[in-house]
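Here are some notes for a colleague who is opening this model for the first time. Please read them with the structure on screen.

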Amino acid sequence: MQKLFKILLGLIIILFIAGYFFINSLKPDYKGSKTLSNLTSEVTINYDDYGIPHIYADNQEDAQRALGYAHAQDRLWQMELLRRIASGRLSEILGEATLESDLFFAGLLTDEASEKTVSELDKNSTEYKLTQAYIDGINEFVKNGSTPIEYRILGLEKKEFTLKDTYNIFAYMAFSFAAAHKTDPVLSSLQAKLGNEYVKELGVDINPNSTLIHNYNKANEEISVAINNIMNSTPIPPFIGSNSWIVAPEKSKNGKVLFANDPHIGFSSPSVWYEAHIKTPDFESYGYYLGGFPFPTLSHNRDFAYGLTMFENDDIDFYQEENHPTDATKYKTADGYKSYTTIDKTIKVKDAEDVKITVRSTHHGPIMNDVISTIDAENPIAMSWIYTKLKNEGINAMYLVSRAKNKTEFEKGVAMIHAPGLNFMYGDAKDNIAWYAVGKLYKFSENVNPKFVLDGASGKEDIVEYLDFNQNPQAHNPSWNYVYSANNQPDSIAGMLYPGYYLPEDRAKRIVELLEPKNDWSKEDYMKMLLDSKSSMAPSLVKHIVKNISENLTTDNEKIAFETLKNWDGNFIKSSIGATIYTKFIHYFLKNTFEDEIGEKIFADFVDTHLMARVINDQLQRENSVWWDNINTKDIKENKSKILSLSFTETVASLENQLGNDVNSWTWNRVHKLTHKHPLGTVKLLDYLFNFNVGEFEVDGANEVINNLMYNVTNNKVNDITAGPSTRRIVDFSDVENSLSILPTGNSGNPFSKHYRDQAQMYADGKFRKMKMNKEEIERVSTKLILKPKK
């Protein structure tokens, strides 16, 4: 027995040692030396105390190769998912669970658009050579680096990356910025089902002379539901919103430009950005990179800084096409019938048979009926997306933006981006500040409303004019000495308010409220402002709520909750009770106001749109509305007071069931929590073994406050946070080397790296760290990896 015990103990020790060496073999190499193909000289990478690579090279091509290698050893799995999603190739590794996503993205024909773009590139251009050098670096790790644990779990073989992959990654980013695919089809359905009066009260202006499709087409609803479900279930987080503001020297304490930016993106593990600092004799950049993309999307150096928010312009339009009455291969146009173009595609599915589809396209774009299984085939609906209609110069643009020597060169770069719609924010050491709304904007005839499904057959609702970039909204060194963006509606351009799915004014109003009176802004003030969780609108909306429910309180807890809500200051901090009551009330208010007309299925998705976020403010302030009456109660006509009182009663009852009978215990931290989820972390055993998920954390913040930690408004016991600041970033041109940032999890996407989650608690606590640029300071806290040319 003793002998058996010794044998078992020996085996356990051997397994433990083997496991230790196996896990260590999967970790990124942050020190030592390696040889890389195509390097012309030695490159040094100093990994600082947060795992951020500081790359020192003699030329930019070598720096890009080193960046590609460093990026891949920390984020290859993330890159793999990114390159597969836009081309419709997730099911090849994840099986039938992602088939609907693959069908849809394959049907957008972005893979074909990327292939066409690559074939037209100037292979002698500097940007092409730098992009290829970055891809070479990725592939050096693919060929010679360790295989990430996710690949091993899925039995996936590493394969080299291509330039087309990079463009597909850019395409996914562009599509995830759009909002029309969630809203246009369902608005058309609501207009046909309920009439103009209902839709107008959703904030959609309807010109009485507009030509609208009046037949009720269930396909419109199905498109919206299907795309929303796909985007919410992808293993890659979508891009959603953002804040940014910049004050001129006249409003800063130290007399130099002060820059802030926190792009709002879906949370995941790893988080979206990879930080890297590059220094060559003719170039320096501290940048934030998307997996597989060679140039920084956010960046600063000693001369200038830039960041972005989402423009939220409408760059997707849907057209109802009309088939030929006897020939299904043709569709009607203003110039007669034309043949559909068709592309046959095959979706490979792990552990299942291949799925073959034929995607038809009109001159507007691909037919959604061919790629969304729930849409009937009788009423073809085409999706027109500006991204695939015009020449794609996205990578060239970001090269120019990241290498700009001055504001003029920066403007030249951003002007080349036709999609996605972005707000680029700019500040520099020469005291300039600027904001640019970027994207190719266009116009329709006066009576066309692009927020509805348009008539594809007549030609009367096609685009009639593309606008020059100088007509885009922008501001340069304004007299009020600051610029900002919070995804809100820009001023009128080209004689109109440009159509889009802009977010409510809440964050924008709060930003202006804070910026306007103060003229001595400091870095420390910015840190507090980025964490500001007070709503500019909630206190005034609460007044409308309490006014309508004060005479309908029946239980002690209703009366206590009423007083708590009435006295709430609109601050969504962890100790707040009013925040919990208000958020639960908003759920029941939306449900009791809109679900009876919209229907349960559509309502669940519609409350997740930007349009519904805007409706909350308007509807609560509206005394009379067609939406107040519940159409299911035939003998009763509800009014505002009745709906709000019912919603409050249900709110209190729900919170009693969820959090107990003591109203004073209903604090915000109990229901507002953040977990950074890994795509494989949904499998509990895998998460237990490899600790993929990061969190959970109790945090301040809420929807539509500056500290915009977002959740869907539901009746769930916990408001699981789905998105928020993907970084909080401050650049101070009076002290550039001490500029600040934070990531939601860590810089590495390798779960065995010590930098996989080392910033997560700091992020949750509202802390910051330096973006180091001083070489001596960097070397004091770094490990060193030397990359040598392969002989």
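1. Contact here means heavy atoms within 4.5 Å. Helices (H or I, at least four residues) and strands (E, at least two) are DSSP runs, numbered from the N terminus. This is a predicted model, in which local features need pLDDT of at least 70 and side-chain atom pairs count only at pLDDT 80 or more, while totals for chains, interfaces and linings use all residues. Residues are numbered from 1 along each chain as its sequence is written, and side-chain values use heavy atoms, with hydrogens and water left out.

2. Helix 13 (residues 394-402) is mostly covered, with eight of its nine residues buried (under 20% relative accessible area; exposed is over 50% and partly exposed in between, with a 1.4 Å probe and protein chains only). Those buried residues are Gly-394, Ile-395, Asn-396, Ala-397, Met-398, Tyr-399, Val-401 and Ser-402. The cover over them includes helix 6 (126-144), helix 8 (163-177), strand 7 (283-289), strand 9 (304-310), helix 14 (407-414) and strand 16.

3. Two of these covering elements hold residues worth a look. Gly-137 belongs to helix 6 and is buried, at 1% relative accessibility. Its C-alpha lies 6.9 Å from that of Leu-67, although Gly-137 and Leu-67 are 70 residues apart in sequence. Apart from neighbours within four places in sequence, Gly-137 is in contact with Arg-65, Gly-68 and Tyr-69.

4. Asn-423 is part of strand 16 (residues 422-428), and with a relative accessible area of 4% Asn-423 is buried. A polar atom of the Asn-423 side chain lies 3.2 Å from the backbone oxygen of Met-310. This is a polar contact (a pair of N or O atoms within 3.5 Å; within protein, one must be able to donate a hydrogen and the other to accept it, and residues adjacent in sequence count only if both atoms are side-chain atoms). Not counting residues up to four places away in sequence, Asn-423 touches several residues, among them Gly-307, Phe-311, Trp-435 and Ser-485.

5. Where is Ser-748 found? Ser-748 sits in the loop between strand 28 (740-741) and helix 24 (760-764), and is buried at 1% relative accessibility. The Ser-748 side chain reaches the backbone nitrogen of Asn-750 at 3.1 Å. Neighbours within four places in sequence aside, the contacts of Ser-748 include Pro-28, Tyr-30, Asp-74, Pro-270 and Tyr-756.

6. Side chains of opposite charge can pair when their charged atoms come close. The structure holds 31 salt bridges (a side-chain nitrogen of Lys or Arg within 4 Å of a carboxyl oxygen of Asp or Glu). One network of salt bridges links Glu-80, Arg-83, Arg-84, Arg-89, Glu-92 and Asp-165.

7. Which residue forms a salt bridge with Asp-532? The partner is Arg-510, and the closest N and O atoms are 2.9 Å apart. The pair links distant parts of the chain: Asp-532 is in the loop between helix 16 (523-530) and helix 17 (538-549), and Arg-510 is in helix 15 (residues 506-515), 22 residues apart. Asp-532 is buried, with a relative accessible area of 14%, and Arg-510 is buried at 11%.

8. Lys-348 and Asp-354 form another salt bridge, with the closest N and O atoms 3.7 Å apart. Here Lys-348 is partly exposed, at 46% relative accessibility, and Asp-354 is partly exposed at 40%.

9. Lys-673 and Glu-696 meet in a salt bridge of 3.7 Å, N to O. Lys-673 lies in strand 23 (residues 672-676) and Glu-696 in strand 24 (residues 694-698), so the pair ties together parts that are 23 residues apart in sequence. Lys-673 is buried at 17% relative accessible area, whereas Glu-696 is partly exposed at 49%.

10. An open sheet of three strands has the order 24-23-25, with mixed pairing (two strands pair if DSSP finds at least two bridges between them). Strand 24 and strand 25 (719-720) stand at the edges with a single partner strand each, so one side of each has no neighbour in the sheet. Strand 23 and strand 24 run antiparallel and are joined by four bridges. Thr-675 stands opposite Gly-695 in strand 24.
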